[in-house]
Amino acid sequence: FLCGIFLLLLAGIWFIFMAKYRFWADEIKLFGDGLNPPGITLSVYSFLLFVSVYCIFSYIEVSGFAFVKKILFLAAFVGKHTLYIFMYHFLFLNYLLPYLSIGNRYIMRAIGFITMLLGPILIEKVIIYIKSDLIRLWNG
């Protein structure tokens with residue numbers, strides 16, 4: 001846990017370094033030139049964030065906090081379906097939500113967020129069901 005906090009602090013210091021010196025480490029272009037593709041500066045920052053978040057969440061996972069474990073289970077559930085959420089959320093955003101009109105914008109945002117998360121997961125389940133049904137029919 002302390003390792004994760006230390007690395008998160010180090011990532012914060014690196015972020016301040018990036019903001020003050022404007023990608024100074026990327027003047028030597030070994031790979032990338034800054035933002036896209038990422039150069040040395042953003043690669044180091046991403047690595048520090050990844051390792052620190054991994055350390056913190058690993059500690060939280062082995063700790064006995066039941067509420068936090070439920071949140072991690074929800075995050076793992078969404079993470080398991082990230083590909084389909086990425087591929088199909090735009091479908092719900094542009095073709096379904098414009099026809100849904102509710103006066104309260106916060107309720108509208110909540111419905112939109114839930115729809116863009118659960119809709120692609122439903123599509124994934126349907127695709128998996130159709131694939132397994134076709135394989136079962138093919139094999140006899």
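Author: A residue is called buried when its relative accessible area is under 20%, exposed when that area is over 50%, and partly exposed in between, using a 1.4 Å probe and protein chains only. Before we start, please keep in mind that this is a predicted model, where local features need pLDDT of at least 70, side-chain atom pairs count only at pLDDT 80 or more, and totals for chains, interfaces and linings use all residues. Residues are numbered from 1 along each chain as its sequence is written, and side-chain values use heavy atoms, with hydrogens and water left out.

Let's look closely at helix α5, residues 105–139. Helices here are DSSP runs of H or I with at least four residues, strands are runs of E with at least two, and both are numbered from the N terminus. With 35 residues, α5 reaches 50 Å from its first C-alpha to its last, close to the 51 Å expected at 1.5 Å a residue; that expected span is 1.5 Å times one less than the number of residues.

At the start of α5, a side-chain oxygen of Asn 104 comes to within 3.0 Å of the backbone nitrogen of Tyr 106. Such a polar contact is a pair of N or O atoms within 3.5 Å; within protein, one atom must be able to donate a hydrogen and the other to accept it, and residues adjacent in sequence count only if both atoms are side-chain atoms. Just after α5, Gly 140 has a positive phi of about 85 degrees.

Arg 109 sits in α5 and counts as exposed because its relative accessibility is 53%. Leaving aside residues up to four places away in sequence, Ile 123 touches Tyr 88, Leu 91 and Phe 92, where a contact means heavy atoms within 4.5 Å. Ile 123 and Ile 85 are 38 residues apart in sequence, yet their C-alphas are 9.3 Å apart in space.

The buried residues of α5 are Gly 112, Thr 115, Met 116, Leu 117, Gly 119, Pro 120, Ile 121 and Glu 124, and what covers them includes α3 and α4.

That brings us to the partner helix α4, residues 82–95. It has 14 residues and spans 20 Å from first C-alpha to last, close to the 20 Å expected at 1.5 Å a residue. There is a kink of about 40 degrees in α4, centred on Tyr 88; the bend at a residue is the angle between axes fitted to the seven residues ending there and the seven starting there. Tyr 84, Ile 85 and Phe 92 of α4 are buried, and the buried residues of this helix pack against α3 (66–80) and α5.

How many helices and strands does the protein have? It has 5 helices and 0 strands, and its elements run α-α-α-α-α from the N terminus on. Of the 140 residues, 22% are buried. Among contacts between residues at least 6 apart in sequence, 55% join residues at least 24 apart.

At the other end of the chain, here is the nonpolar core. The largest one has 7 residues: Leu 7, Ala 11, Met 18, Leu 42, Tyr 45, Leu 48 and Cys 55. A nonpolar core is a set of buried Ala, Val, Leu, Ile, Met, Phe, Trp, Tyr and Cys residues joined through side-chain atoms within 4.5 Å. Helices α1 (2–21) and α2 (40–62) each give it two or more residues, and α2 gives the most, with 4. Ser 52, in α2, counts as buried because its relative accessibility is 0%. Its side chain reaches the backbone oxygen of Leu 49 at 3.0 Å, and, setting aside residues up to four places away in sequence, Ser 52 touches Gly 4, Leu 7 and Leu 8.
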